[in-house]
Each structure stands twice: as C-alpha cells, then as structure tokens.
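Please take a look at the sequence and the 3D view before reading on.

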2 protein chains.
Amino acid sequence: MAQLLRVHNFNVSSDGIGAGEDQTLERPFGHVDHMRLFSWGFATAHWPGRTEGGTMGLDDYFTRDWARDIGAEIMGRNKFGPQRGPWEDHEWQGWWGDEPPFRTPVFVMTHHERPSFTLSDTTFHFVGGEPAEVLAQAREAAGGKDVRLGGGVSTVRAFLDADLVDTLHVAVSPVKVGHGLKLWESPDELLDRYHLDVVPSPSGVTHHLFWRK
Amino acid sequence: MAQLLRVHNFNVSSDGIGAGEDQTLERPFGHVDHMRLFSWGFATAHWPGRTEGGTMGLDDYFTRDWARDIGAEIMGRNKFGPQRGPWEDHEWQGWWGDEPPFRTPVFVMTHHERPSFTLSDTTFHFVGGEPAEVLAQAREAAGGKDVRLGGGVSTVRAFLDADLVDTLHVAVSPVKVGHGLKLWESPDELLDRYHLDVVPSPSGVTHHLFWRK
C-alpha cells in the first residue's frame, strides 16, 4: 500500500473552527475552549498519554488509530508553540513535557532556522519550504510507514490546497464558536476530491471520514 | 494496559446467526451465505490479504483494527477446518493457503492431539482444555500483546460463558437466516456485563462495540 499522508483526531466546532486567532502560552487554542472540542477524545482509553481507564467504544477506534503505522509527523509552527518570528527561546521544547506522544521524527514547519533536538523517542526537526518538499522529507524519515499531518488549521489547509492529503478524520463538536481559524465553511467543499462517511457518535461529536476518490 | 481478549469482525445475521450447522469443505459457513454477511468487510482497503484498492471509511476502521497489537489468536476447530473426530488428514492446514493472515501463534481448540506446524509467519498449535487454560497459553505466547478470539460461534459463546472476553466487535448484517448457530437472541443479553455502542454503517451493517463495565 502507498505511503499515505493522514490527518487524525482533528477537531472543529459545528461552524468549522479549529482554533482561535489569539494563541498564547496559556491558551494553545486561543479563545476556543479546546476542552469542549476534545472532550470526546480525552474520555477514550487510547488517548495519547492515558495509561488506564477510559471508554473503548466508537470514539476509541479513532484515538487508537492515531499511531497505527505512522513513521513521522508534520506540524505547523503554532502547534509546536506560541512564539512568532526567529527562535529566541531554545528552552521551549513544545507543549508536551519530557515524553512527547509522537515517538517518531516530527517536522515543524517554520521560516526560521533552529537545530533539531530529541526528547525521549521523539526528534523535532525545523524545516522550511513548500508542503510538497516537507512531505518528501517526512516520507524519507518515515521508513516506509505513513506520515501524519498533525495540524493546526492553517497547516491542514495548506496541504489540502496542495492536494497532498490522502485521508482525514475530523471530529465535529456540537459547539458553535463564531470566529477563529476555519478549516471549512462546510465539509461538502471536499466532496469533489474525497469520499466521505459521516458517523454520529454517542458522545455527541460527529466523525467525518474522508478518503481520496 | 492489561492484556485483553478481543473479538473482531465477527459477523451475524439480523437474527443472531453466525454460521450454518452443516459445514463442509465447500461451504465453511454451511448453508449461510457468508458473502452476504461479510461483504462490508471485503469492500474495505485493510481486509486481510487485500493489497490494493478498497474503501477507507468507517468499515475500514474495524478491519484495520483486527491486527493492531495482537500477539496470538484462539480459534475453534470448525474455524480451522470441516473435519470432526481424530485428525486423520495432516495434509489439511486450514482454509488460508500458504500465507495465513494471522502472522502470530494460533491456538486451535480440539480434543484430539496433533503436532504444531508453521506456515509462513503463522504457527498453529492444537490444544485441549477449558477456555481459561487455553487463554493462559495464548497470553504466554502473545509476548505482552493482546489475544484475538477468532470464532466461530460456539467458541465465542464458550469464552463469553466463562466471562473471559474483554472487547467484542460484532457486525450485524441486514439479512435474516432463520436457523443455524446463534451468537445471541439479542445483543441486550450482554448489557449486564458490557457497555455497548451501536453504530450503523453506510454499508448497511450495524457495528456493535462491546467493552467491559
């Protein structure tokens, strides 16, 4: 099977918003209450970092698929941290503490150079260039496995615009946010290029599963 | 996380029947038309043995979870072959050809002795004893990973009766069979011991996801 680029457990509000525009160190998702978006995932047994308890129904199939056959992740700079401009604070090593959940090479997209570093099983690389160039590097590093596109909103949009995404799992929460960074006006925008299964979950979110036509 | 015993992609008709009573070499599921039960699975990209094409929506989440973190399988004798009584035909090595999809040790439950043998990455062992004893052997062989309970109907029933099953995925097809080997009169029979998510799929089957209370 081909080496896919996959989006997993990406959360948006019912009006398509994945994050606020006003990210800070204290509020990685800006004014958007990410607990309300992500609560379905936190409740599951296989949410990254959880070690006991949790549900094992439908929602858990999605959280446990996150790591399956993944050899690298690509993320936007804003997923890695709230800083903008040149990297002045090399002490900042992401939001995830000493044991980031990725356990693969991670490619952080940025216009500013910074040396790679390793935390536990995860190595972060800082790379510029177009989405296709970054994807080529991530595929090379993934050792034949798939590559996960980790977000945030602008990064997913850039890879969709470049037609590089093979599958997407987007959980739409029954919460309206009003303004912020939008993934879409409607999931129907992707139907010219993707099949779509729409799956309501007992937890209240609606899973949207896209795969290429 | 504990070492689980998991049932995956187990198919029954709308009246709870998983196989006919009249199994033969030509008809592994007896009079039951297994193509009608399994068609949702055959259509997916990750059905065992499929190498290209296939859907990647909801149904594929179930077929691709089949191998995740599994270190051994337990199956009943009737899943392995149509023979009854002592093993007279050692030429018979199961229904799956030279490359069985299991790729782990497989424990075939039988009252009759037979030497183990290996085909590609799969080794078949033939074991007697109670479900709990067979599960202990399979756990030992699984090297810390989970154990899959592969069926058929009588085997799943025996492990449910012994309260050894941790999670079950049962796909209920919109087909009535009338008579045969029954998994249940109704999925509600398991609700005293299990949580249940009921998930209708666009393909027409209804996935039933059970996990322990």
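## How the two copies relate

Two copies of a chain are related by a rotation about an axis and a shift along it.

A few notes on reading the model: it is predicted, local features need pLDDT of at least 70, side-chain atom pairs count only at pLDDT 80 or more, and totals for chains, interfaces and linings use all residues. Residues are numbered from 1 along each chain as its sequence is written, while chains are lettered from A and ligands numbered from 1 in the order in which they are written.

## Where the chains meet

Two residues are in contact if their C-beta atoms, placed from the backbone, lie within 7 Å. By that rule, 14 residues of chain A are in contact with 14 residues of chain B. On the chain A side, the elements giving two or more residues are α2 (58-65), β10 (194-200) and β11 (206-212); helices (H or I, at least four residues) and strands (E, at least two) are DSSP runs, numbered from the N terminus. The most comes from α2(A), with four residues.

## The build of chain A

Chain A has five helices and 11 strands. Its C-alpha trace spans about 45 × 40 × 35 Å along the principal axes.

## What lies inside

A residue is buried if 20 or more other C-beta atoms lie within 10 Å of its own, exposed if 12 or fewer, and partly exposed in between, with C-beta atoms placed from the backbone. Buried residues account for 41% of the 213 residues in chain A. A nonpolar core is a set of buried Ala, Val, Leu, Ile, Met, Phe, Trp, Tyr and Cys residues joined through C-beta atoms within 7 Å. The largest such core has 96 residues, and those touching the most other members are A:Ile74, A:Phe107, A:Val156, B:Ile74, B:Phe107 and B:Val156. Beyond its neighbours within four places in sequence, A:Phe107 has contacts that include A:Ala72, A:Ile74, A:His125 and A:Val127.

## Backbone details worth a look

A cis peptide bond, with omega about 0 degrees, joins A:Gly151 and A:Gly152. A:Gly152 sits in the loop between β7 (146-149) and α5 (153-161) of chain A. In chain B, the peptide bond from B:Gly151 to B:Gly152 is cis as well, with omega near 0 degrees.

Two residues other than glycine have a positive phi: A:Asn9, near 55 degrees, and A:Arg103, about 60 degrees. A:Asn9 belongs to strand β1 (residues 5-12) of chain A and is buried, with 22 other C-beta atoms within 10 Å. A:Arg103 lies in the loop between α3 (77-80) and β4 (105-109) of chain A and counts as partly exposed, with 15 C-beta neighbours inside 10 Å.
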